Amino acid sequence: MKQVVTFGEIMMRLSPPLNYRFIQTDNLEITYGGGDANVAASLARLGIPATHVTCFPDNELGQAAAQSFQKLGVDMSHTVFRGERLGLYFLEVGASMRASKIVYDRFNSAFANLQPEWLDWKEILKDAQWFHWTGITAAVSDTAAQACRDAIKVARKLGITVSADVNYRRNLWQYGQKAQDVMPELVEGCDVIVCTEGDADDLFGIKAEAGAENRFVSVAQQLVKRFPQVKQVIATNRETLSASHNRLTGILFNGQNYLETPAYDIVPIVDRIGGGDAFIAGFIYGSLTYPTEQEALTFAVAASALKHTIHGDVNLATVAEVEQVVGGDTSGRLLR
């Protein structure tokens, strides 16, 4: 099977144990993660060959970050080791009515200083069937956005499916370019996009039409019209009952039909970071494996629901575990 290739920054994640607050702890747990890389690792766990492309500082921290994803089965052979700094983020995990909080420390990271000419996308993508990126990558720096632009161009020439989680993070766009000026050109080259109503409004000025029976369909119809290459707009509907209790539904519009999955009740949540990455990874897996969009979408939201039960950024659920949830077994009974 050909590879899925992802591109983006990987950061070190530092978290107090359990649900402790920063002020309560004198030690922090280290894991590694990044939106695009989480997708690659989730796919590798599901049995899909996955390659991640990134840039790390050429030091022990960069090596540790690369090895953490290699251990998960991700091909990291196209990693560039240049620069001096690994991006960090600090996560305080909430509970019940207390929300989780994230503090970023990623300015001037090795990835932010990545130069597009360091990456030979024709070589990287020669054995690929799918390329995935996120709006976070384009937000990090002008050079990262250009490298992403180059990758999409090559992928289109090679006939590779391109997907993106547009994932608008307002505070990341600090290098002098507006997301509204950069993202449309990148999305023009995509076949599949993860895009919520809020992202569509913030990035493309697209809002649901007044009186629309289904607001997501109204927005998705406008997205498909503006970006004719896009064949599927997908998203999750998340009902946040508390930091420990969410309800998740998968939705899709393919230009003609609207699809929706059953809702999954997730309580208690162990770790919701990476839930969206698990969703798109599940959808890519489903699209490559199952005959229908409905099956792919249902697998995707079940994979995302399971991610909420797993510590760290990456969904470590297996195909069998996801299919068990898809089949209706959400009991969590002890398996012997």
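A search of the whole structure finds 16 salt bridges, each defined as a side-chain nitrogen of Lys or Arg within 4 Å of a carboxyl oxygen of Asp or Glu. The model is predicted, so local features need pLDDT of at least 70 and side-chain atom pairs count only at pLDDT 80 or more, whereas totals for chains, interfaces and linings use all residues. Residues are numbered from 1 along each chain as its sequence is written, and side-chain values use heavy atoms, with hydrogens and water left out.

**Salt bridge.** Select Arg-149 and Glu-185, which form a salt bridge with the closest N and O atoms 3.2 Å apart. Arg-149 belongs to helix α5 (residues 142-157) and Glu-185 to helix α6 (residues 179-187), so the pair ties together parts that are 36 residues apart in sequence. Helices (H or I, at least four residues) and strands (E, at least two) are DSSP runs, numbered from the N terminus.

**Sheet.** Select next the open sheet of four strands, ordered β3-β2-β7-β8 with mixed pairing; two strands pair if DSSP finds at least two bridges between them. At the edges stand β3 (29-33) and β8 (101-105), each with a single partner strand, so one side of each is left without a neighbour in the sheet. Neighbouring strands are turned by 25° against each other on average, direction ignored. Strand β2 (residues 11-15) pairs with β3 in the antiparallel sense over five bridges, and Leu-14 stands opposite Ile-30 in β3. Axes are lines fitted to C-alpha atoms, for helices over the stretch in contact, and angles run from 0 to 180 degrees between N-to-C directions.

**Helices α7 and α8.** Select residues 197-204 (α7) and 215-226 (α8), whose axes come within 10 Å and cross at roughly 40°. That makes α7 oblique to α8, since angles under 35 degrees count as roughly parallel, over 145 as roughly antiparallel, 65 to 115 as roughly perpendicular and the rest as oblique. The contact involves Glu-197, Ala-200 and Phe-204 of α7 and Arg-215, Phe-216, Val-219, Leu-223 and Arg-226 of α8.

**Helices α9 and α10.** Finish with α9 (residues 275-289) and α10 (residues 293-307), packed at an angle of about 150° with their axes 7 Å apart. Among the contact residues are Phe-279 and Phe-283 of α9 and Leu-297 and Phe-299 of α10.

Conventions:
Contact means heavy atoms within 4.5 Å.
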